[in-house]
Amino acid sequence: MMDGDLLAASEKVQCDPVLEICGLHKEFVAKNKKIVHALQDVRVKAMRGRVTGLVGADGAGKTTMIRIAAGLLVPTSGSVTVLGLDSVTQTLKVQSAVGYMPQKFGLYQDLSVSENMDLYADLQGVPRAERPKRYDRLLQMTSLAAYTRRKAGALSGGMKQKLGLACALIKSPGILLLDEPTVGVDPVSRRELWKIVYELVEKDNIGVFVSTSYLDEAARCDHVVVLHQGQVLLEGAPREFMTKMRGRVFEVAAVSAKSVRRLYAELAAESGVVDVTIRSGKVRVVTEKEKQPGIGFLVPEKRAIKPVEPSFEDAFMAMIPGSGHHFRQELGGRNLADVPDGQDDAVVTTQNLQKVFGGFTAVKDLSFTVNRGEIFGLLGPNGAGKSTTFRMLCGLLPASGGKISVAGYDLHRSRARARARLGYMAQQFSLYGQLSVKENLRFFGKAYGLNNSRLEHRIRWAYDEFGLKQWQDKMAASLPGGYKQRLAMAAALLHEPDILFLDEPTSGVDPFARREFWLRINGFAQQGVTVVVTTHFMEEAEYCDRMLIMSQGETLAMGSPAKIRELACSPDNPEPTMDDAFIALADGAVNMDGGTGKKASPEEQRS
Amino acid sequence: MIVLRRILALVVKEFTLIMKDPKSRFVIIGPPLIQFFVFGYAATYDLKNVRYAVLDQSGSALSRQFLAKVEGSGVFRLTGMLHDQQQIAEYIDGEKSRLVIHIDDTFAEKVRRSVPVKIQVIADGRNPNVALIALGYLGTIVHQFNEELVHQGVVQPGSSGLLLEERAWFNGNLRSRWFIVSALGGLISMVVVMILTSLSVAREREFGTFDQLLVAPFTPAEILVGKSLPGIIFGFGDAMIFAAGAVYWFGVPFRGTIAALAVALLCFIVTMVGVGLLVSSLSMTMQQGLLGSFVFIMPAVTLSGLATPVENMPPWLQQADMINPVRYIIIALRSIFLEGADLAAVWPHIWPLMIIASLTLTLAAWMFRARSV
Amino acid sequence: MSTALFFMRLRGILRKEFLQILRDPSSIALALVMPMVLLFIFGYGVTLDAEYIPVAVVAEDNGNGSSQLLQRFELSQNFVVTRVATMAEAEQLLNVRRVDGIIHLRENFSAKVAGGAGGQVQVIVNGVDANRARLIQGYVRTVAGKWFDVRTGEGLAMVGVPVSIAQRVWFNEEVESRNFMVPGLITLIMTLIGILLTALVVAREWERGTMEAMLVTPLRRIDILLGKIIPYYLLGMVGMGLSVAVAVLIFGVPFRGSFGALFVLSSLFMLASLGFGLLLSAAIRIQFVAAQISIVAGFLPAFFLSGLIFDLESTPAVIRIVSHIVPARYFVSISHTLFMAGDVWEVLLPDGLMLGFMAIFFITLAYRKITKRLEG
């Protein structure tokens, strides 16, 4: 979609490096005195007037690299030159010439927007006379002009990010260093943030060095560096990566909408398949080698296979060694239960659900049902009320009005009984970090009243299902990220709940863990577990049977992914993605006609 | 049955959490022990090394006899022999001495003639506690000196018209270390309990595990019991260890019954667990929890009678102090250790604790429900 | 140009700190409300001055002398007298803590006193609180001694006690505990602001990620240091001024020194505490740990090892030696001298020098510990 801009940018390539990293090594000494090699022999160049992206799985060394460039860390060996200045010996000079936005943006929550800007202007020594002009431009770019008196703490997530960016840009830096600037930000805000970055690159001709875990963002960079375990795996223009993948990416259409997920699970279990995702109602498959014949053989002719244009994401998934294997093996031997077709008994029902905090209505008049074996998605921008709704469903927050029934129990009357039937996985890792894997599982099993033999049986199941056996005596806090998530899920499933509540299970998780996770959820749903999940990754909505999009506490749209996507259909965009649909809905350009019984008013603005 | 299993699971989890983490294990054992010994030695009103100077204008055998008694008391340390009155100001102002004993030149003669005579003592009032206590010591020395004079026949026995026969019960040598140390253990175990419980819920809230507990089929009462037991057991264990330490290390006599001690301490620890859980259920973060227990501990300890008697406070403050649980345990511990109280005798200090405990625990359970449904 | 930039940076960082202090209720609470609460608790609650001590009196003699003596006990501010008939009753009262002492006048007391045979007064006190017991004994002696002196003066008794003490307590004639507690407490309050608040504030910047953003600006280490010292120094001095005002105006504690000396010496103490707080915060980046460490390493020593309540000179040598590295110790001595004695330079100068040395030491160390890198 940004391809036009991208070409224009890459045509005016200038050979003026703003950042040169040569033979960079970085070691940390871990607590057990082991030396951890965070970065090894890294050589990277970032040019003026270009956006250089840094991608890689969690722990690949992205943040370390950006921090070294900002002079916050000293390299163990190797040289880092920023705008011709050495980052170790001329740190202060470097720091007065770079704009840096850390992962936790450095805003003072108690200070207002303009006070934050004043602070950074003072620190960067921006002459008083230049300030009004500079502020005007930054405020106009970030559309924060109306909020200059508001405290930073009271801004929405997206606005905070933009203010963070404005502060980093206060003294027209020669290079902008951004560390995962869009984590936890909804698609609309993400799009706006990138617009600002590209505008700067074009008008001010600065260099941008950005790390990201969103692969669609990486695809828009002029130059991408792929880090893997502290080493540069590959680098080049995203286009180059994508062309190499030609002939290895296919779209497989399922017979019916209901069988998409089953097809997805089957394809994931095939050998020679590197990556499987659901995109726009079809299963997207990336194969190990070009034109893998297996596909034709495995998929019955009824299902149409069509080669498609590779995306950067496909390339990335194929690039990282061994990424596709681990989960396939675990799922391999298991027999997937048949989809309980047509079984439409409601497991979760809400009627006119409402939540008021003080004078602020967080959730207005929400009604929906979730059926057995369904994956139901709760989507919306930051602050839309989806967490509030979610917490009410789990019985963590009392509703101010309306009715909720979970697994047939009225939440108002029999909370404890309803709770025994549900499993809950919180947004952040929330098991006992100091307890071992086994102790955590034992505790949660007993908390749900499992007797000894059943508990042992279920723990063995969890070890097999999630590959946790080798970690059983390790402290939960010391597990690698992906295994923490597995453990959390195992704990939530130990008592074989009817309903699984998952709050943002994939935020802050790298693309590999995300894929593994959805594959698993898919499997449980097929066994008849009902899943209610919140997410802000729009493409993940594709894995849901049905979903509810919320904005400002109201229902914006509800229905199957296909139905939601259709809403954004237009002559310009015949095959809209979920992101497009969401942005169109959020902007009020389209709305839901019927189906939900609740219409979102177009004049409602996003927060 | 299933309820018991669930509670047991919670308790086992709490114990494992505390005992597994070296830091929290240390918090329960290390600092309390150090505090017990440091404060056991530091927190005392028994004076030693009180610096004093002497202006002896009498220079007689009798004045020297008196000064020898002062020196021999083991309380005072001579820092200067003065020659004239101007020096007194120099010594007191510059903190060279805290007391100046001034014996004037008529001293010996007056004593011999059985004329009442006064020894001037100038004390530095910047630390009035030390001044008062030191003057008290001196008073005792003078009292003994007078008896000695009678005994030696320097003064006619009949001329001493008033004889004070002083006796102190329960603590014959008037050692304030007994007084402080007997109660100190209860106080330190209280701090341990407060920190353990006030942080326990807040920590779970911060790490998100509290939601996980609330989503599980626990009732608020079950969570309350599960959270209380570890605090009660560790607090009680600590308190008993300190009681043993007071007797075997500091040599405090133990005159009461062990049953009385155990019951009083248990009631007190349960009360403190109630307060800690209340603080915890009110605070969303560990910092608030820590600050909250600080806000409770400071006034509660200050007004408990540990360091300064409750009876010295203004009446309105004494009335308000009736709700201070620490006050009761301090009285109870002292009467058990030093006065030999049994269960019946400490009962008046136990039932108020029970009332406070039932109030705070109910309130804490209610807060769990209200804050977290 | 570079000095202009320096002032611009400093102004920016100072304005930020002040705005944060003003807008964060917990800073204000810790710096201004907490001190007031402490002052009132200690001002009223902590006193060793005993009044209205309940005593039982057993008078087995009903002569003229004994009734006069008992009247004196009854009139004394220090005692609340309960008359009982027998010793058994009195002992029972002592056992259940209804009284703290028993004054027992034996048979023929009046006659013996009048006859110069030595009238015996038995004084039994509850020795559980040794300190209070000693005080009670002292009060009894005083009351009895005065009565006897008067009788001697009137020629009713043969002679007085041969030797007695004429005591004078300088600087604090009334021997008011409050005059001692309140000035000492100011030390504790300044320690709270200097160490606890500072360590918390810096740790919070690390936790919220603002410190990382600060580091990637042309801020120099000296800017960071001054940016923290100046606001909290001023806050501490405001807290100190407020406490002194409350002490003098509400509690009526005399202030005999000069405000100039108070200002200079408290500045030195504030700087030493701030230096220590900043040193802690340079190493600790988690608020929770910062709070615990500053309580253990800052607050508790200032409470127990400074001479604030318990006399340092009576403690074992080890504790006495350790107390020399606690800055609060010097300021407790300074504030006691300034409030009650006046500008006694023999005391103020050595203490002030120690504080100055500690301020320089801690601030230098903090300056060296401040790093513009993320790794220590």
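**Close-up views of a predicted three-chain model**

**View 1. A salt bridge between sequence neighbours in chain B.** In this predicted model, B:Lys13 and B:Glu14 form a salt bridge whose closest N and O atoms are 3.0 Å apart. Both partners, B:Lys13 and B:Glu14, are buried. Side chains of opposite charge can pair when their charged atoms come close.

**View 2. A salt bridge between two helices of chain B.** B:Glu148 pairs with B:Lys69 in a salt bridge, with 2.9 Å between the closest N and O atoms. This pair links distant parts of the chain, 79 residues apart: B:Glu148 belongs to helix H6 (residues 128–152) of chain B, and B:Lys69 to helix H3 (residues 61–72) of chain B. B:Glu148 is partly exposed, its relative accessible area being 24%. B:Lys69 is also partly exposed, at a relative accessible area of 22%.

View 3. The salt bridge shown joins A:Asp580 to A:Arg191, and their closest N and O atoms are 3.5 Å apart. The two residues are separated by 389 residues and link distant parts of the chain, with A:Asp580 in helix H21 (residues 578–587) of chain A and A:Arg191 in helix H7 of chain A. A relative accessible area of 34% makes A:Arg191 partly exposed.

**View 4. A salt-bridge network with members in chains A and C.** A network of salt bridges links A:Asp122, A:Arg128, A:Arg131, C:Arg11 and C:Arg15. Over all chains, the structure holds 50 salt bridges.

**View 5. Positive phi at A:Asn205.** A:Asn205 is not a glycine, yet its phi is positive, near 55°. Most residues other than glycine have a negative phi. A:Asn205 is placed in the loop between helix H7 (187–204) and strand S8 (207–211) of chain A. Its relative accessible area is 23%, so A:Asn205 is partly exposed.

**View 6. Positive phi at A:Asp365.** A second residue other than glycine with a positive phi is A:Asp365, at about 50°. A:Asp365 lies within a strand, S16 (residues 360–371) of chain A. With a relative accessible area of 38%, A:Asp365 is partly exposed.

View 7. An unreviewed UniProt entry gives the annotation "transmembrane region" to residues 26–45, 178–202, 232–251, 257–278, 290–307 and 350–368 of chain B. Residues 178–202 of chain B are 100% helix and 0% strand in the model, and their end C-alpha atoms lie 37 Å apart. Residues 257–278 of chain B are 95% helix and 0% strand, with end C-alpha atoms 32 Å apart.

View 8. For chain C, an unreviewed UniProt entry lists "transmembrane region" at residues 21–44, 180–203, 230–253, 259–281, 288–310 and 347–367. The span 259–281 of chain C is 100% helix and 0% strand, and its end C-alpha atoms are 32 Å apart. For residues 347–367 of chain C, the values are 100% helix, 0% strand and 30 Å between the end C-alpha atoms.

**View 9. Domain arrangement in chain C.** Chain C is divided into domain 1, which comprises 23–46 + 177–374, and domain 2, which comprises 53–153. The C-alpha centres of domain 1 and domain 2 of chain C are 48 Å apart.

Note on methods. Residues numbered from 1 in each chain as written. Chains lettered and ligands numbered in written order. Predicted model: local features only at pLDDT ≥ 70, side-chain atom pairs only at ≥ 80, totals over all residues. Heavy atoms only, no water. UniProt positions renumbered as here; feature names shortened; annotations may be inferred. Helix = DSSP H or I, 4+ residues; strand = E, 2+ residues; numbered from the N terminus. Buried < 20%, exposed > 50% of the residue type's maximum accessible area, 1.4 Å probe, protein only. Salt bridge = Lys/Arg side-chain N within 4 Å of Asp/Glu carboxyl O. Domains from an automatic or database assignment.
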